[in-house]
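User: Could you take a close look at one helix for me, and then at what surrounds it? I would enjoy a connected account.

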Amino acid sequence: MIYFALLILVIISYLFYFIGKKRALNLKFNGNIKLSSQPDYFGYYVVLMALIPALLMWFGLLLFKGNFQEMFVMSPILFPDISTWSDGKLGLILNKLNNLSVIVNLPLDDLTNGEKSILNMASENELTAAKKLANFDKIYGWSNLTLFIILPIILGFLATRSISGKLNAQPIVEKIITYIIKGSSYIAILITIGIFLSLVFEAINFFRYVNPVDFFFSTGWNPNRAFVVDASEGFDKDDLENAFGFIPLLTGTLLIATVAMIVAIPLGLMSAIYLAEYASKRVRDIAKPIIEILAGIPTVVYGFFAALSLAPFIKDVGESVGLPVSAESALAAGLAMGVMIIPFVSSLSDDVIKAVPQSLRDGSYALGATRSETIKKVILPAALAGIMGSFLLAVSRAIGETMIVVMAASLRANLTFNPLEPATTITTQIVTSLIGDVEFDNPKTLVAFALGLTLFLMTLLLNILAITIVKKYREKYE
Amino acid sequence: MNSLNKRLSAEKRFRAYGLFAVALSMFFVLILMWKIFSTGSGAFVRTTIEANVFFNPDFIQVNQNSLEKELYRASYVALADEVVRQNHPKLNEEQFIKVREMYTRKFDYQLRDYLLDNPDKIGQSIIMKITASSDLDQIVKGNYPRDVPEAQRKINDYQLSVLDKLTSEGKVSSVFNFWFFTKGDSRDPESAGIWGAVMGSLYALIICFSFAFPIGLLASVYLEEFVKPGKVTDIIEVNINNLAAVPSIVFGLLGLGMLIGVIGLPYQVPLVGGLVLGFMTLPTIIIASRASLRSVPPSIREGALAVGATKMQTVFHHVIPLSLPGTLTGTIIGMAQALGETAPLLMIGMVAFVMEIPGGPLDPATGLPSQIYLWSESAERGFLEKTSAGIMLLLLFLIIMNTAAVVIRRRLEVKW
């Protein structure tokens with residue numbers, strides 16, 4: 001229904017463009033009126049006037065559909081005890097009614113046995129509500145459709161009638177478009193605000209259950225303790241003590257990120273140096289795209305590879321030399337992540353190395369330095385700020401990476417600095433706490449937002465630090 | 001002289017390190033690809049067992065005159081059991097269960113689908129290639145070893161002997177696995193397909209494009225052409241750069257907290273997935289589009305302004321069309337990244353088990369990468385090759401998109 005309505009809206013607005021333009025031309029040639037804008041602009045004017053209110057209202061209807069639905073269906077007459085229901089129960093009932101509303105109006109013969117049993121299990125009131133819901137969906141669909149046809153047509157004709165010699169359409173149209181353009185560029189800010197607000201609000205909810213000091217400084221991580229308690233009964237403080245301790249997640253994240261950087265920094269930097277300073281053009285043209293393939297591979301692929309091949313391989317190697325290695329060792333996840341970050345480090349370093357002016361190299365060669373001495377003593381110091389910046393960006397990438405650690409790292413928190421032991425990360429715990437039942441009144445779900453906020457701030461800090469270092473310490477050669 | 005030799009060998013060593021680093025990185029690409037192709041290629045064929053099928057109307061309780069709806073509703077389970085009994089006569093009850101396990105659990109659906117296409121076959125006997133169960137499939141493909149003790153095998157000695165008999169009769173054959181490309185997910189590896197996930201990803205990408213492309217383009221036009229450098233632009237600019245570096249999982253939390261929690265959009269639908277991916281792609285598009293707008297020389301703008309065009313006309317008639325190839329290239333690359341993103345889909349619930357193929361952006365669905373994740377978490381060996389094959393398909397899409405970006409850049413981009 002909604003796609004059909006959108007299509008009609010497009011067709012109507014396209015027609016109004018011609019109607020508006022035609023009327024303007026008519027005035028100009030048959031009415032001998034001098035127009036203040038090009039005829040095209042009258043077409044645009046009519047379209048904008050017809051389209052914008054309809055789209056805004058559609059957006060509003062879409063946003064508040066849930067509220068209307070609840071008002072229409074969940075009346076206290078059908079469900080007398082509705083005011084005592086929790087959000088979770090309300091959601092469950094609504095879901096049930098949604099399923100019922102699809103089948104409630106069908107003839108009995110068309111139903112499968114499963115559907116029949118659903119119908120039989122529902123109470124009389126639920127059936128009435130489901131019928132109401134089906135009605136509501138119908139009414140909602142039709143009101144959308146009429147809104148899409150009637151309102152633009154009325155507005156369009158009003159706008160067409162207002163076209164005259166006095167109306168200067170061009171500035172109006174340009175003003176509206178300027179507002180639209182301006183609005184688009186503010187959306188980026190809105191997204192950031194949205195991220196911040198949604199994280200902060202839910203994190204505050206989380207900190208109602210758990211003391212922030214406990215969260216940031218305690219070393220025990222057993223979120224399932226919160227899960228066994230029913231949210232409506234409130235939580236025993238003792239249950240939550242040591243249930244949400246951030247420290248083991250932080251050490252796990254840093255451990256895996258460190259392993260990743262130990263792989264990625266030397267390989268990425270040396271590849272960049274080799275390709276920028278040594279390789280012939282032909283080698284560079286082949287090798288560079290191949291290394292950049294690594295950056296294009298989705299992280300879920302690395303995670304699969306780490307869990308399927310890398311982790312068992314490391315375990316076998318470790319055991320053959322007598323080292324006990326976990327099947328979910330931090331080493332496997334870190335290595336896979338390191339490989340993923342190689343092209344990130346190498347392409348950023350490559351840019352910085354290329355930016356060092358040739359005159360510095362020539363000067364160094366003229367003094368008799370070899371190429372490697374030039375690189376180590378002249379080019380790298382000159383490019384140091386940029387390279388450090390790229391390392392920091394890579395660290396921030398490693399900390400925020402999710403799929404590799406979800407698939408290859410452990411779920412159990414473990415306060416360790418030994419890469420052969422299992423470790424868990426912030427992102428892994430965000431994912432595990434949100435998979436399955438999402439209940440916004442349980443700290444087990446809400447902790448994801450507190451972790452997300454911490455992660456967001458950590459990566460933000462690293463990025464700002466990287467930009468500051470690059471800006472402050474960059475050598476300028478003019 | 002000695003010190004010069006030392007310096008020269010240090011030079012050689014350093015160069016060798018560099019070469020080694022490049023070679024090692026390239027080696028990683030190769031080993032990754034090799035691993036995926038070697039485990040995934042098996043998913044494109046499926047083992048079938050030839051069987052004589054008699055569509056006995058008594059077992060399915062339909063006749064020649066039955067409507068399509070009745071054919072669809074009828075139960076084919078009894079018929080499937082009967083087919084097994086007829087093709088393997090003289091089985092006791094225990095043996096029958098073992099033999100039945102060699103065929104797919106979706107046996108009845110296969111019979112139903114055949115009958116729906118050929119309703120005239122009721123009451124007739126035909127020879128059909130019935131899909132084998134995943135465990136048997138893995139034995140035939142050689143992924144399960146045969147020479148281990150019976151207790152460690154999913155297929156026992158009796159089933160192996162039946163399999164060998166069927167093979168010697170020439171009844172076991174491999175066919176191209178169309179199901180993988182046409183079906184939705186399934187609990188049984190042999191009948192699980194990727195199409196539902198592909199459609200889910202497609203709807204999400206359409207939403208992502210229709211959100212991020214117009215807004216990204218207009219925002220970059222505003223920042224490059226209309227606004228003078230100042231505090232507001234600085235804030236927007238810093239903001240966009242930071243947004244580009246926010247971890248994808250945080251965007252997922254935004255989708256869960258804002259779009260689902262506050263606005264009340266449904267869980268696990270491509271609409272929400274597409275919007276979240278759109279939020280993520282927006283900075284990429286804005287950055288690419290601004291670079292592209294900046295590369296349009298000022299002489300174009302001055303020329304248009306000189307013949308009396310307004311600022312708006314200059315930008316929309318001349319600057320944007322010239323910068324569009326660069327913007328499109330950036331958009332396609334951003335969309336390719338979005339296609340491979342898994343973490344945000346996990347947050348908004350697009351990782352559930354969905355059998356139906358979604359018909360629109362408001363139907364529950366998984367995405368291509370989240371389907372890969374789902375299969376990779378499954379313990380059955382049959383899903384391992386599905387996972388790798390899913391990855392191959394995902395990589396194929398990424399290659400196509402990136403190639404398209406390169407082609408657009410080469411063909412359409414104007415060099416000034």
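Analyst: Happy to. A residue is called buried here if 20 or more other C-beta atoms lie within 10 Å of its own, and exposed if 12 or fewer do. Please keep in mind that this is a predicted model.

With that cut-off, let us turn to helix α2 of chain A, which covers residues 39-63. Its buried residues are A:Tyr41, A:Phe42, A:Gly43, A:Tyr44, A:Tyr45, A:Val46, A:Val47, A:Leu48, A:Met49, A:Ala50 and A:Ala54.

The loop between α1 (2-29) and α2 of chain A holds A:Asn32. Its phi is near 55°, a positive value in a residue other than glycine. Most residues other than glycine have a negative phi. A:Asn32 counts as exposed because 8 other C-beta atoms lie within 10 Å.

Now for the wider setting. The domain assignment of chain A gives domain 1 as 2-167 and domain 2 as 247-473. The centres of these two domains of chain A, taken over C-alpha atoms, are 48 Å apart.

Chain A also meets a partner: 67 of its residues are in contact with 65 residues of chain B. On the side of chain B that touches chain A, helix α1 (residues 2-40) of chain B gives the most, with 18 residues. That side of chain B divides into 46 nonpolar, 14 polar and 5 charged residues.

Definitions and conventions:
Residues are numbered from 1 along each chain as its sequence is written. Chains are lettered from A and ligands numbered from 1 in the order in which they are written. This is a predicted model: local features need pLDDT of at least 70, side-chain atom pairs count only at pLDDT 80 or more; totals for chains, interfaces and linings use all residues. Two residues are in contact if their C-beta atoms, placed from the backbone, lie within 7 Å. Helices (H or I, at least four residues) and strands (E, at least two) are DSSP runs, numbered from the N terminus. Ala, Val, Leu, Ile, Met, Phe, Trp, Tyr, Cys and Pro count as nonpolar, Asp, Glu, Lys and Arg as charged, and the others, Gly among them, as polar. The expected span of a helix is 1.5 Å times one less than its number of residues. Domain bounds come from an automatic or database domain assignment.
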